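Subject: A structure for you to look at

Hi,

I am passing on the structure we talked about, and I hope you enjoy looking through it. Please open it first, and then read on.

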Amino acid sequence: MKVVAFARKELGTGASRRQRIAGLTPGIVYGGTAAPMNISLDHNALYHALKKEAFHSSILDLEVDGKAEKVLLRDFQVHAYKQLVLHADFQRVDATQKIHVKVPLHFVNAETSPAVKLSGGIISHVTSELDISCLPADLPEFVEVDLGKLEVGHSIHLADIKLPKGVSAVQHGGEENPTIATAAIPAGKVEAADEAAAAAPEGDAEKK
């Protein structure tokens, strides 16, 4: 995915304001052996790119004044209530060094799982993204979570996910095998079932 930018020489709050008035978004490129570089990006192009999931978890080809380098989007700021991107940060990528990135989880086969198909259960996604570590060439746009065998009362954990080759999960907080998704019967259905079960003996007694 290609991103076109321009070197930015004027710095400061006033310069950034003028950039935004001109339809540009200020940004910075950092990391690697080169010095940090202040850049400007076309606001509308960046705004629409940020709507694409892959833009947040892919190696980007950033071209600055005709010179291209590999980068990752690391951060961006948007206005509190205007459709305005205020700033964007990009990190240079070394093909030989592992990167630490959050990638989205794509949940598949929920509708064919025993939890939903046989029990009318609801599957809850505990998390929507996963921290991973890998070489830039191995970076996936997303990680797939197969819910096809999930039953009511059970969960999908990190260890149940098949990660792409060369990719490892980065875990936090000391939890070795965190929960990714769970399946349960909706509260309303459980209550209705309990009421039906409680009423059944009374019905039988009346018949006798």
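Below is what I found, going from the whole chain to single residues.

**Overview**

Please keep in mind that this is a predicted model. The protein has 208 residues, and 31% of them are buried. Its elements are 5 helices and 13 strands. The accessible surface is about 12700 Å², and carbon and sulfur atoms account for 53% of that area. If you take the contacts between residues at least 6 apart in sequence, 65% of them link residues at least 24 apart.

Mean pLDDT for the protein is 86, with 88% of the residues at 70 or more. Which elements have the lowest and the highest mean pLDDT? Helix H5 (residues 187-207) is the lowest with 51, and strand E10 is the highest with 95. Over residues 190-197, pLDDT stays under 50, and the model has 1 contact beyond four places in sequence for this stretch. Where pLDDT is low, the predicted coordinates should not be read in detail.

**A sheet of four strands**

Next, have a look at the open sheet in which 4 strands follow the order E10-E7-E9-E12, with mixed pairing. The edge strands are E10 (143-146) and E12, each of which pairs on one side only. Strands of a sheet pair through backbone hydrogen bonds, either parallel or antiparallel. Here you can find both senses:

- E7 and E10 run parallel and are joined by 4 bridges; Val108 stands opposite Asp146 in E10.
- E7 (residues 99-108) pairs with E9 in the antiparallel sense over 6 bridges; Val103 stands opposite Leu130 in E9.
- E9 pairs with E12 (residues 168-169), again in the antiparallel sense, over 2 bridges; Ile132 stands opposite Ala169 in E12.

Strand E9 (residues 129-134) is mostly covered, as 5 of its 6 residues are buried.

In soluble globular proteins, nonpolar side chains tend to be buried together. In this model the largest nonpolar core has 24 residues, and Leu139, Val145, Leu147 and Ile156 have the most contacts inside it. Elements E7, E9, E10 and strand E13 (179-184) each give two or more residues to this core. E7 gives the most, with 5 residues.

Leaving out residues up to four places away in sequence, Val145 touches Leu105, His106, Phe107, Val108, Ile156, Ile161 and Ile180. There is also a second, separate core, which has 18 residues, among them Leu50, Phe55, Leu62 and Val64.

**Helix H1 and what follows**

Which residues of helix H1 are buried? In H1 (residues 13-21), they are Ala15, Ser16 and Gln19. These residues lie on the same side of H1 because they cover an arc of only 100° around the axis. Thr13, Arg18 and Ile21, on the other side of H1, are exposed. The cover over the buried residues of H1 includes strand E2 (24-30) and strand E3 (37-42).

Just after H1 comes Gly23, with a positive phi of about 85°. Gly23 is also one of the residues that His43 touches. His43 belongs to helix H2 (residues 43-49). Is His43 buried or exposed? Its relative accessible area is 9%, so His43 counts as buried, the cut-off being under 20%. Besides Gly23, His43 touches Leu24, Thr25, Gln83, Leu84 and Val85, not counting residues up to four places away in sequence.

Most residues other than glycine have a negative phi, and most peptide bonds are trans. Two residues are worth a look with that in mind.

Asp65 is not a glycine, yet has a positive phi of about 50°. You will find Asp65 in the loop between strand E4 (60-64) and strand E5 (67-78). With a relative accessible area of 54%, Asp65 is exposed.

Asn109 is not a glycine either, and its phi is positive at about 65°. Asn109 sits in the loop between E7 and helix H4 (114-117). Its relative accessibility is 30%, so Asn109 counts as partly exposed.

Happy browsing, and best wishes

Terms used. Residues are numbered from 1 along each chain as its sequence is written. This is a predicted model: local features need pLDDT of at least 70, side-chain atom pairs count only at pLDDT 80 or more; totals for chains, interfaces and linings use all residues. Side-chain values use heavy atoms; hydrogens and water are left out. Buried means under 20% relative accessible area, exposed over 50%, partly exposed in between (1.4 Å probe, protein chains only). Two strands pair if DSSP finds at least two bridges between them. Contact means heavy atoms within 4.5 Å. Accessible areas come from the Shrake-Rupley method with a 1.4 Å probe; for residues, only the protein chains shown count as cover. A nonpolar core is a set of buried Ala, Val, Leu, Ile, Met, Phe, Trp, Tyr and Cys residues joined through side-chain atoms within 4.5 Å. pLDDT is the predictor's confidence in each residue, from 0 to 100. The arc is that of the directions from the helix axis to the C-beta atoms.
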